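Reader: I would like to learn how to read salt bridges in a model. Please show me.

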2 protein chains.
Amino acid sequence: MADLNGFLEALASNSPTPGGGSVAALAGALGAALASMVANLTIGKKKYVDVEDDMKAALQKTEALRLELAQLIEEDAAAFGKVMKAMKLPKETDEEKAARKAAMQASLIDAATVPLAVMEKCVDVIRLSKGVAEKGNKNAVSDAGVAALMGRAGAHAARLNVLINLGWIDASEHRGFVEKAGAALGVMATEADRGADEVFQIVLAKVT
Amino acid sequence: MADLNGFLEALASNSPTPGGGSVAALAGALGAALASMVANLTIGKKKYVDVEDDMKAALQKTEALRLELAQLIEEDAAAFGKVMKAMKLPKETDEEKAARKAAMQASLIDAATVPLAVMEKCVDVIRLSKGVAEKGNKNAVSDAGVAALMGRAGAHAARLNVLINLGWIDASEHRGFVEKAGAALGVMATEADRGADEVFQIVLAKVT
């Protein structure tokens, strides 16, 4: 799997992108893909004909999430690139300083908005993992568990990336955004932990 | 990042490999790569000259782990492939049945041994993440946090993959392996959780 090695090498290098924000989105995409796999390994099996419609409905959602999260891997790197570009703007005159500050703040808000979206979608991945863990092909139940684990790791990884960007945003100028983002992080972190714990217990009961 | 999309598509498909076992190893490799990135973003910076030797030592270990875990992505799929192959052996005569059972058991032990190694290396990733979170470039501290989160997810994902294979191993014939594996899982799960929580608190304190 030489393709993965290319990404892993780029990640390990001293270039700041791709970085943890992209990995958060990738973790979510891996979780969504595994939830899709469990649904795909259930659909068409006689033993699971009763849950066929549920699995088809789940698959539509997990595949949409997989594609959205894969897109967010690149969007995170692009948003971070804009912050780096704004940082390099000239800051000699007062006008330049003001323009640089405005560009920095706008790019930081974008850079926080991407992982907020990643976190939301990771919570969705966990919720869908629960359905495939409960009703999907039992031989693939560990994959449903790994899907939830990746969703949870992606959610918390995204949270750290929102927080590090929020720390640079001028809260006096952007109070509304900072407060709303902070509140959303708390709610989603709780939801991710609770949901992933539920799935993990379902899976443990089936594999042991 | 078309290369990642290829892997994500293969994962989502109705082929059982790559599956959750490969994702466990990939999660660990992503964590190792991010720990490498933090070390690389610290080495050579005047502000961090006092920790340069620590970062160089950490980097050697995180890069070795990244390569080993990347290798384990493929080894997991290969080990699972052997289980599938053994399952398809003929089972008409008593001799065939006995040969099939022996081949199944041997392949299941291999299939459990790979994620045991993945889990051990994920615990190492978490330990190394702590060092780069504490002493590495503060601007990349969220990446150190994501490294630990990926190590933790990889460890628990590997654990589920060990358990699902252990469930098929004849404990009366392979009691030593089953008991030793079960005990190792418990120790490593505790270590992974405690270590990752420590790193997460270090990172949270620095980003908020």
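The dialogue below turns to charged side-chain pairs.

Author: This is a predicted model, where local features need pLDDT of at least 70, side-chain atom pairs count only at pLDDT 80 or more, and totals for chains, interfaces and linings use all residues. Residues are numbered from 1 along each chain as its sequence is written, chains are lettered from A and ligands numbered from 1 in the order in which they are written, and side-chain values use heavy atoms, with hydrogens and water left out.

Reader: What is a salt bridge?

Author: Side chains of opposite charge can pair when their charged atoms come close. The rule here: a side-chain nitrogen of Lys or Arg within 4 Å of a carboxyl oxygen of Asp or Glu. It gives 20 salt bridges over all chains.

Reader: Which parts does the pair A:Arg152 and A:Asp197 tie together?

Author: Their side chains form a salt bridge at 3.2 Å, N to O. A:Arg152 lies in helix 5 (residues 141–166) of chain A and A:Asp197 in helix 6 (residues 175–207) of chain A, so the pair ties together parts 45 residues apart in sequence. Helices are DSSP runs of H or I, at least four residues, numbered from the N terminus.

Reader: Is B:Arg66 buried or exposed?

Author: Buried, at 6% relative accessibility. The cut-offs: buried is under 20% relative accessible area, exposed over 50%, partly exposed in between (1.4 Å probe, protein chains only). B:Arg66 forms a salt bridge with B:Glu63 at 2.8 Å, N to O. Both lie in helix 3 of chain B, three residues apart, about one turn of the helix.

Reader: Which residues join A:Lys101 in a network of salt bridges?

Author: A:Asp170 and A:Glu173.

Note on methods:
Helices (H or I, at least four residues) and strands (E, at least two) are DSSP runs, numbered from the N terminus.
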